[in-house]
Amino acid sequence: MPDQPGSRLASGPGRILVFGYGVFAVAATGRSLVQLGLHADRAPLAYSLSLVAAVVYLVATTCLLLGGPRAWLIAVAACFVELVGVLAVGTLSYVVTDWFPDKTVWSHFGQGYGYFPLVLPFLGLWWLGNNASTRGR
Amino acid sequence: MNVWLLAAVLGLAGVAMVLIVVLLIRNETAGDPTFVLLAVIELVLLVQAVVGVVALSSTSRNVSGVLFVSYLVGALCALPIGALWSLAERSRAGTGVLLVATFTVVALELRLDSIWAGAGA
């Protein structure tokens, strides 16, 4: 659709999703940078994972904004990484508490963020699935 | 941390969110009343940012300065970006963006309050 400005992935419900992902991209980037900058030695693993989360959110936001088949595919991958990340870190933060002396975006399934980090990948995959036929074109 | 400014932001944001939910249910796009209300919230946030930085520089309590200021600035950014992003698409989804943006401000404000009380990153 050449007459449509911007990416189809970033319009309609996708518009809300892009904003949500954008908020988490900024939040996770800011948090990991502050944590690594002020006291990286306190919980290196937790802070590194915070930074990974930040990168994943940035990638997802960018891909939704760009649109197109390649961005669609990368966005799907990013959402899966996100889902695995929040489930793995969420579980580990309850089971191996020693590894997570400080909180991150994904610890305790995103408890500190109203569990949105747990919901977001599902919403993302649902939206990308809705656009599977056109692959975000 | 000025409790009155915090209460004003939370109260006005609450009203805005109810208003926006009504718009969403009626499937109407946001008009001037909504944007005026959001502008008023933004104004209070601006006052809060100035008052907050002054309070931070004069407090003797242990508050993480970097964190506190970044949240003050973050709260300032949410509504203008949300409004622009929303206006680019005058649809139900566009109105939904305003709801998320307002909710973001509420979340940032609550966190700001706990950072002032001494919470870390």
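These legends go with a set of close-up views of a predicted two-chain model.

Residues are numbered from 1 along each chain as its sequence is written, with chains lettered from A and ligands numbered from 1 in the order in which they are written. Because this is a predicted model, local features need pLDDT of at least 70 and side-chain atom pairs count only at pLDDT 80 or more, while totals for chains, interfaces and linings use all residues; side-chain values use heavy atoms, with hydrogens and water left out.

View 1. Helices here are DSSP runs (H or I, at least four residues), numbered from the N terminus. α4(A) covers residues 116-130, and its end C-alpha atoms sit 21 Å apart, in agreement with the 21 Å that its 15 residues should span. That expected span is 1.5 Å times one less than the number of residues. The buried residues (under 20% relative accessible area, 1.4 Å probe, protein chains only) are A:P117, A:L120, A:P121, A:G124, A:W127 and A:L128. Look down the helix axis and these residues fall within an arc of 135°, so they line one face of α4(A); the arc is taken from the directions from the axis to the C-beta atoms. They pack against α1 (13-39), α2 (44-66) and α3 (69-95) of chain A, where contact means heavy atoms within 4.5 Å.

**View 2. A:H108, in the loop between α3 and α4 of chain A.** A:H108 is buried, with a relative accessible area of 17%. Leaving out residues up to four places away in sequence, A:H108 touches A:G90, A:S93, A:Y94, A:K103 and A:Y115. Its backbone is worth a look too: phi of A:H108 is near 50°, a positive value in a residue other than glycine. Most residues other than glycine have a negative phi.

**View 3. B:N27, in the loop between α1 and α2 of chain B.** Here is another positive phi, about 55°, although B:N27 is not a glycine. B:N27 counts as partly exposed at 49% relative accessibility; that class runs between the buried cut-off and the exposed one, which is over 50%.

View 4. α2(B) has 27 residues and reaches 39 Å from its first C-alpha to its last, close to the 39 Å expected. Its buried residues are B:T34, B:L37, B:L38, B:I41, B:E42, B:V44, B:L45, B:Q48, B:A49, B:G52 and B:L56, and they pack against α1, α3 and α4 of chain B. A nonpolar core is a set of buried Ala, Val, Leu, Ile, Met, Phe, Trp, Tyr and Cys residues joined through side-chain atoms within 4.5 Å. The largest one has 38 residues, and those with the most contacts inside it are B:I41, B:L45, B:F68 and B:L79. α1 of chain A, together with α1 (3-26), α2 (32-58), α3 (65-87) and α4 (92-116) of chain B, each give two or more residues to this core. Apart from it lies another core, of 33 residues, among them A:Y21, A:C63, A:A71 and A:V76.

**View 5. A:R15, in helix α1 of chain A.** At 8% relative accessibility, A:R15 counts as buried. Setting aside neighbours within four places in sequence, A:R15 is in contact with A:A10 and with B:W85, B:A88, B:E89, B:G94 and B:V97 of chain B.

**View 6. The largest pocket.** A pocket is an open set of points on a 1 Å grid over the protein atoms alone, with protein on both sides within 12 Å along at least five of seven lines; lining residues have an atom within 4 Å of a point. The largest has a volume of about 1400 Å³, a volume being the space filled by probe spheres set on the points, which are joined across faces, edges and corners. Its lining has 48 residues, of which A:V23, A:F24, A:A27, B:T104 and B:L108 lie nearest the centre. α1(A) gives the most to this lining, with 14 residues.

**View 7. The largest cavity.** A cavity is a set of grid points where a 1.4 Å probe fits but cannot get out. The whole structure has two of 30 Å³ or more, and the largest has a volume of about 40 Å³. Its lining residues are B:T29, B:A30, B:S86, B:E89, B:R90, B:S91, B:G94, B:T95 and B:L98, with α4(B) giving the most, three residues.
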